[in-house]
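Please look at the sequence and the structure shown here before reading on.

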Amino acid sequence: MKKPIIFSIIVIFILSVVIVGILGVKMGSGEEIIYVTKITCTNLILGANTIPALPTTVENTFQSVIEYEKNIKFALNYQVAPDNATYKGAAFTSSNENWYTINDFGIVSFTEEFHENIASKGTITKILIKPTITSTDGHAIKATYNVVVKF
């Protein structure tokens with residue numbers, strides 16, 4: 001190669017190193033991960049109704065009350081703190097899969113077994129289900145959403 005071309009390549013390389021150093025371009029693997037420190041249950045959506053989640057005396061536990069109907073479904077909503085957490089996702093867990101299931105989006109559905117053995121008997125006026133919301137960022141921060149189901 002000719003000397004002017006080699007010189008130009010060297011100058012461009014040095015300038016790029018200086019510019020990257022001055023501007024501080026970040027590499028993806030060097031970024032700080034901000035973990036979830038708290039999950040707050042905010043409300044549940046039942047049809048067109050938004051029912052607020054009220055804090056209880058138990059830490060990280062919230063509660064709402066609903067009226068049972070066969071084939072009812074509702075969605076659990078939550079917020080994470082801090083707002084700038086790197087991974088804001090959560091996993092939902094049923095405390096009793098024989099009574100109700102909960103999908104990856106927080107949609108709760110009662111089972112046929114629940115309807116036949118609990119709801120349709122007429123001997124119980126209310127029951128408590130306790131789904132759990134857990135952060136998926138590796139720190140497993142949890143909140144429990146107590147749902148009082150009235151019959």
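The report below covers a surface patch, a strand pair and one serine.

## Basis of the model

This is a predicted model, in which local features need pLDDT of at least 70, side-chain atom pairs count only at pLDDT 80 or more, and totals for chains, interfaces and linings use all residues. Residues are numbered from 1 along each chain as its sequence is written, and side-chain values use heavy atoms, with hydrogens and water left out.

## A nonpolar patch

Ile6, Ile10, Phe13, Ile14 and Val17 make a nonpolar surface patch of about 460 Å². Such a patch joins nonpolar side chains (Val, Leu, Ile, Met, Phe, Trp, Tyr) within 5 Å, from residues with over 30% relative accessible area and no salt bridge. A salt bridge is a side-chain nitrogen of Lys or Arg within 4 Å of a carboxyl oxygen of Asp or Glu. Accessible areas come from the Shrake-Rupley method with a 1.4 Å probe, and for residues only the protein chains shown count as cover.

Valine 17 lies in helix 1 (residues 3-23). Helices (H or I, at least four residues) and strands (E, at least two) are DSSP runs, numbered from the N terminus. With a relative accessible area of 46%, valine 17 is partly exposed, a class between buried (under 20%) and exposed (over 50%).

## Strands 9 and 11

Strand 9 (residues 126-129) pairs with strand 11 (residues 142-150) in the antiparallel sense over four bridges; pairing requires at least two DSSP bridges. Isoleucine 127 stands opposite valine 149 in strand 11.

## Serine 135

Serine 135, in strand 10 (residues 132-135), is buried, with a relative accessible area of 5%. Glycine 89 is 46 residues from serine 135 in sequence, yet their C-alpha atoms are 6.1 Å apart.

Methods. Patches are made of residues with over 30% relative accessible area and no salt bridge: like charges are joined within 9 Å, nonpolar side chains (Val, Leu, Ile, Met, Phe, Trp, Tyr) within 5 Å. Buried means under 20% relative accessible area, exposed over 50%, partly exposed in between (1.4 Å probe, protein chains only).
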